[in-house]
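Thanks for coming. I will show one structure today and walk through a few parts of it.

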Amino acid sequence: LYDLACVAAIAIVAAGVGQLRNRLSSDPLPLVYQTPAQRLEAELTSLVTAPPFKLPPAQTVGLAEFRAAVDHGGTVIIDARPSFYFERGQVPGAINLARDDFARDYRKLAPMLKAKRDEPIIVYCTGGACHDSRLVANALISLGYAPVSVFTGGWEQWTQAGMPVATD
């Protein structure tokens, strides 16, 4: 009985040390198995759940520069607003990569985005206090896309300036 208790104590200590070491590891193993698709979903979701980032001024664009990018092409325009708003109107040529559905939308758009990896990207959202565009832009930078900029005026400034609007 004493030997059994010692073996049980050693097993408990070993399991605890293993759990602690795993938790402190830079790349811990999950306690519950996740498929590769589930892991990708979790990683993509975590990219846009961080607090708002402060982008350097060089990584933002104003209305004139944004309008030129929209008119001349060669730039990927991304609308970070929820699809509900995107469907009611968007900047012509924009694609919807919503912050709230980032993982799902990114998986759907990844082949197209990877094919245009060398093109600049400009992300916009509602404008003003909306940080969705900054979160999506930083997620794309984390995924290796560059250059990525944010149109800080967003949809609000675009429509107030009387710029063209597309609907799906």
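How many disulfides does a search of the whole structure find? One, where a disulfide is a pair of cysteine sulfur atoms within 2.5 Å. Before going further, note that this is a predicted model, in which local features need pLDDT of at least 70, side-chain atom pairs count only at pLDDT 80 or more, and totals for chains, interfaces and linings use all residues. Residues are numbered from 1 along each chain as its sequence is written, and side-chain values use heavy atoms, with hydrogens and water left out.

The disulfide joins C125 and C130, with the sulfur atoms 2.3 Å apart. C125 is buried, at a relative accessible area of 1%, and C130 is buried too, at 18%. Buried here means under 20% relative accessible area, exposed means over 50%, and partly exposed lies in between, using a 1.4 Å probe and protein chains only. Another residue, C6, is partly exposed, with a value of 28%.

Next, the strands. Helices (H or I, at least four residues) and strands (E, at least two) are DSSP runs, numbered from the N terminus. Strand β4 covers residues 121-124, and both of its faces are covered. I121 and V123 are on one side, I122 and Y124 are on the other, and all of these are buried.

What does β4 pair with? Two strands pair if DSSP finds at least two bridges between them. Strand β2, residues 76-79, runs parallel to β4 and is joined to it by four bridges; V76 has I121 as its bridge partner in β4. Strand β5, residues 148-151, also pairs with β4 in the parallel sense, over three bridges, and there V123 has V150 as its partner.

β4, helix α6 (residues 132-142) and β5 make up a right-handed β-α-β unit. Right-handed means that, with the strands pointing away from the viewer, the path from the first strand over the helix to the second runs clockwise.

Last, R81, which is in the loop between β2 and α4 (83-86). Is R81 buried or exposed? Buried, with a relative accessible area of 4%. Its side chain makes a polar contact with the side chain of D79 at 2.8 Å. A polar contact is a pair of N or O atoms within 3.5 Å; within protein, one must be able to donate a hydrogen and the other to accept it, and residues adjacent in sequence count only if both atoms are side-chain atoms. A polar atom of the R81 side chain also lies 2.5 Å from the backbone oxygen of G89. Leaving aside neighbours within four places in sequence, R81 is in contact (heavy atoms within 4.5 Å) with residues including Y124, C125 and W155.
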